[in-house]
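Student: Could you walk me through this structure, feature by feature? I'd like to get the general idea each time and then see the case at hand.

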Amino acid sequence: MSDSTYTPPRVWKWTPDSGSRFSSINRPEAGPTHEKDLPVGEHPFQLYSLATPNGVKATVMFEELLELGIREAEYDAWLINIMEGDQFSSGFVAVNPNSKIPALLDRSVDPAIRVFESGSILLYLAEKFGQFLPAAPAARTETLNWLFWQMGSAPFLGGGFGHFYAYAPEKYAYPINRYTMEVKRQLDVLDRQLAENRYIAGDEYTIADMAIWPWYGALVKNMVYEAAEFLQAHTYTHVVRWTDEVAQRPAVKRGRIVNKIWGDLSSQLHERHQASDFEQRTQDKLQGSN
Ligand SMILES: N[C@@H](CCC(=O)N[C@@H](CS)C(=O)NCC(=O)O)C(=O)O
């Protein structure tokens, strides 16, 4: 039971400062708040993002494609600072009317194609380059099963559990218990799947791994919400095994630091425009050279 109850009024009214960590960027309407164009670089793909778990899915995919030697997948990754409201610029809203990162513009085609929602971005790139999505119907469908599983499940982890356990200004037993149970159930779903399979959808590393790893891998490694002990994350041994294996991939090591503006300076590459940026333009190098 919660410590206090709330009787909803007949008509809900917005309280601009609800006191939660993200109250400054939340509002009950869509659309731009200010006029500003997005920057455009020289590469076919323009990514507008931030290194949250949703953003990392896209940068890992690009780095995996480049790791395979696919030069056509070159991209510019521009920083969208969601705490400063960059997602509400007119330019960003034109690429993603939902005002959430990641958002992508494919300028290799005319007219350019906008792609938003991380799952749509992964699927778009997988189909465009014929990679990380098996062609055989059974394996393709299993990959898509798990891709869509992530899209439906992670909001309970982030918006539900993470919000009430870590970000809400007051802690209440009811939502924390409800979402903890659900997140532990989800971890068990993954653990059982990974007990039987090397990767999420079978023997092959796919866009399903790229979608699920940034959220559930970060959770079991205590990198989001500081909840690993609370959830007894170490008991999901197959999830931990898979998390560690995926983390060793060179493309994952690169992709996870793109558009990152927190943590160790050597793990922050605010913008990515070329491969050498990983060696030359992380914040430790930039600040060291000043
Ligand atoms: N379902 C979306 C979720 C994207 C999302 O929630 N992005 C967050 C950061 S992780 C965001 O941009 N939040 C800004 C806001 O809510 O204003 C996806 O998978 O792309």
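**Reading the model**

Tutor: Happy to, and bear in mind that this is a predicted model. Let's begin with burial: the buried residues of α3 are Ser 118, Gly 119, Ile 121, Leu 122, Leu 123, Tyr 124, Leu 125, Ala 126 and Phe 129.

Student: What does that list say about where α3 sits?

Tutor: Buried means under 20% relative accessible area. Here 9 of the 12 residues of α3 pass, so the helix is largely enclosed by the rest of the structure.

Student: And how do I check the length of a helix like α3?

Tutor: Compare its end-to-end reach with what 1.5 Å a residue would give. α3 (residues 118-129) reaches 17 Å from first C-alpha to last, close to the expected 16 Å.

Student: What does that check give for α4?

Tutor: With 31 residues (137-167), α4 should span 45 Å, and its end C-alpha atoms are 41 Å apart, which agrees. Look along the helix too, though: α4 has a kink of about 35° centred on Phe 161.

Student: Now the backbone. Which peptide bonds are cis?

Tutor: Here's the background: most residues other than glycine have a negative phi, and most peptide bonds are trans. In this model, the bond from Ile 101 to Pro 102 is cis, with omega near 0°, and Pro 102 belongs to the loop between α2 (90-95) and β3 (103-106). Asp 110 and Pro 111 are also joined by a cis bond, with omega about 0°; Pro 111 is in the loop between β3 and β4 (113-116).

Student: What do the polar pairs look like for Gln 87, Ile 101 and Glu 117?

Tutor: A polar side-chain atom of Gln 87 sits 2.8 Å from a ligand oxygen, and a polar backbone atom of Ile 101 is 2.8 Å from an oxygen atom of the ligand. Glu 117 has a polar side-chain atom 2.7 Å from a ligand nitrogen. As for cover, the protein takes up 81% of the 510 Å² of accessible area that the ligand has on its own.

Note on methods
Residues are numbered from 1 along each chain as its sequence is written. This is a predicted model: local features need pLDDT of at least 70, side-chain atom pairs count only at pLDDT 80 or more; totals for chains, interfaces and linings use all residues. Side-chain values use heavy atoms; hydrogens and water are left out. Helices (H or I, at least four residues) and strands (E, at least two) are DSSP runs, numbered from the N terminus. The expected span of a helix is 1.5 Å times one less than its number of residues. The bend at a residue is the angle between axes fitted to the seven residues ending there and the seven starting there. A polar contact is a pair of N or O atoms within 3.5 Å; within protein, one must be able to donate a hydrogen and the other to accept it, and residues adjacent in sequence count only if both atoms are side-chain atoms. Accessible areas come from the Shrake-Rupley method with a 1.4 Å probe; for residues, only the protein chains shown count as cover. Buried means under 20% relative accessible area, exposed over 50%, partly exposed in between (1.4 Å probe, protein chains only).
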